[in-house]
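Hello,

Here is the structure I promised to pass on to you.

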Amino acid sequence: EYKINMHEYYPGSEAYSVCESVVTYLQNHAKSGPFMEPVDPIALGIFDYPNVVKNPMDVSTLLKNLQEGTYSRIPPKPLHANDDEEEGTDHPVYRMAYG
């Protein structure tokens, strides 16, 4: 378990570098394309997206939060078993998010 204390989190620190490497990994991931910016469910025609994805997060928001120090003040919410894919979602964005 890696715990980040507020005084250890600043640009150039080990904790910040670890977070930067996670964002870089996500930016380069083969399935990250739809998640580089906030998903627009209307434009993509996946109108039930807000019902399926309760707490959406995209890479640009992750990077902004990292740079603004958000993660030094608020611990991230843990993923729960019930965050799994909802049955019947066949849109490519769902498959990339959960596959």
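Below is what I found, taken region by region.

Please keep in mind that this is a predicted model.

Let me begin with S32. You will find S32 in the loop that runs between α1 (14–28) and α2 (41–44). Its relative accessibility is 8%, so S32 counts as buried, the cut-off being under 20%. The side chain of S32 has two backbone oxygens to look at. One belongs to H29, and the S32 side chain reaches this oxygen at 2.9 Å. The other belongs to L26, whose backbone oxygen lies 3.0 Å from a polar atom of the S32 side chain. If you set aside the neighbours within four places in sequence, S32 is in contact with L26 and Q27.

Next comes helix α4, which covers residues 59–68 and includes Q67. Is Q67 buried or exposed? Q67 has a relative accessible area of 53%, and because exposed means over 50%, Q67 counts as exposed. Along the chain, Q67 and E20 are 47 residues apart, yet their C-alpha atoms are separated by 9.2 Å.

How many salt bridges does a search of the whole structure find? The search finds one. There, the side chains of E68 and K64 meet, with 3.9 Å from N to O. Both residues belong to helix α4, and they sit four residues apart, which is about one turn of the helix. E68 is partly exposed at 47% relative accessible area, and K64 is partly exposed too, at 44%.

Enjoy exploring it, and write back whenever you like.

Best wishes

Terms used: Residues numbered from 1 in each chain as written. Predicted model: local features only at pLDDT ≥ 70, side-chain atom pairs only at ≥ 80, totals over all residues. Heavy atoms only, no water. Helix = DSSP H or I, 4+ residues; strand = E, 2+ residues; numbered from the N terminus. Buried < 20%, exposed > 50% of the residue type's maximum accessible area, 1.4 Å probe, protein only. Polar contact = N/O pair within 3.5 Å; in protein donor to acceptor, adjacent residues only side chain to side chain. Contact = heavy atoms within 4.5 Å. Salt bridge = Lys/Arg side-chain N within 4 Å of Asp/Glu carboxyl O.
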